[in-house]
Amino acid sequence: MSYYGGLSAGRGWHKFKFVLKPESLSQVFQNMTYWFVITNSRVAIDYEMSKETSLFDDYRAFFTRIVSGKDWNRKEDWTYESAIRISVINDLETIIFEDIKNRKGEISLEYKSIQPIEPVINIRPFYLYLKNGKFSIETSNDEGILGLELSYPKVVSFGSEGHEYLYETDQYSGYELFMELTNRIKKLSHKAKLTGIEKTYRPNFWVDNKIPDEINNNSYLKKNRLILK
């Protein structure tokens, strides 16, 4: 990418975690200006950004899998997770395509790279982690995969400037999009509560107001005797 985002000391990332029904996720994006874009890997030479994306279908498949009651198998189920790792923008001018060259300096006729010139919102899964009474939603834990996270950097530096200067990101349109998405999700959801045998946890993620009971068929919740409300 042409920028680096996030720093320590409270200047890292805006993050928002949630679990929505597939229908609710589609509703969130209704009547908005947005495009989904792949920024974490190379893309086919004929790749074009479009609202006509498989994200909503991919999330439906992911959601169906996590409420199936079956243990998550990283080797077999990585495609569900990979499919929902994507970025979202509201301005096509913030993305440029660049050629990919091989070691001989030849331009690839099969692939190209995508370079955001402004910060983008990243979408990825989030996970539950519970061990010896320690509970976290910031720890990577494949078998505890549960919902989605939106992330957006609080500050960025740009490669064109040698990453010498830092810029607050609230000046960019992506920040407005991040705030609009989180506000829309909050209108459809509430703060999660996880009730265990001996303790109740109130982690910082939001859950659909109409979340079906089947969510508690999730294997990690059942294994740890947790009820999501």
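Here are legends for a few close-up views of this predicted model.

**View 1. Seven strands line up in an open sheet.**
Reading across the sheet, the strands come in the order β3-β5-β8-β11-β2-β17-β14, and their pairing is mixed. At the edges sit β3 (35–37) and β14 (189–191), each of which pairs on one side only. Step from one strand to the next and you'll find a twist that averages 35°.

**View 2. Zoom in on β14 and its partner, β17.**
Strand β17 covers residues 206–208, and β14 pairs with β17 in the antiparallel sense over three bridges. Which residue of β17 stands opposite His190? That's Val207.

**View 3. Helix α2 packs on the sheet.**

**View 4. Helices α2 and α3 cross.**
Helix α3 is made of residues 74–83. Two packed helices are described by the angle between their axes and the distance between the axes. Here the axes come within 8 Å and cross at roughly 135°, which means α2 counts as oblique to α3. As for handedness, α2 passes α3 in a left-handed crossing. So who's doing the touching? On the α2 side the contact is made by Asp58, Ala61, Phe62 and Arg65, and on the α3 side by Asp77, Tyr80 and Ala83.

**View 5. A closer look at Arg65 in helix α2.**
Is Arg65 buried or exposed? Arg65 counts as buried, because its relative accessibility is 10% and the cut-off for buried is under 20%. Leaving out residues up to four places away in sequence, Arg65 touches Lys70, Asp71, Trp72, Asn73, Asp77 and Tyr80.

**View 6. Strands β6 and β7 make a hairpin.**
Strand β6 (residues 95–101) and strand β7 (residues 107–116) pair in the antiparallel sense over six bridges. If you look for the bridge partner of Phe97, you'll find Ile114 in β7. Five residues lie between the two strands. In the turn, look for Gly105, which has a positive phi of about 85°. While you're following the strands, keep in mind that in a regular strand the side chains alternate between the two faces of the sheet.

Methods: Residues numbered from 1 in each chain as written. Predicted model: local features only at pLDDT ≥ 70, side-chain atom pairs only at ≥ 80, totals over all residues. Heavy atoms only, no water. Pairing = 2+ DSSP bridges. Helix = DSSP H or I, 4+ residues; strand = E, 2+ residues; numbered from the N terminus. Axes fitted to C-alpha atoms, helices over the stretch in contact; angles between N-to-C directions. Contact = heavy atoms within 4.5 Å. Buried < 20%, exposed > 50% of the residue type's maximum accessible area, 1.4 Å probe, protein only. Parallel < 35°, antiparallel > 145°, perpendicular 65-115°, else oblique. Left-handed = near helix turned anticlockwise from the far one by under 90°.
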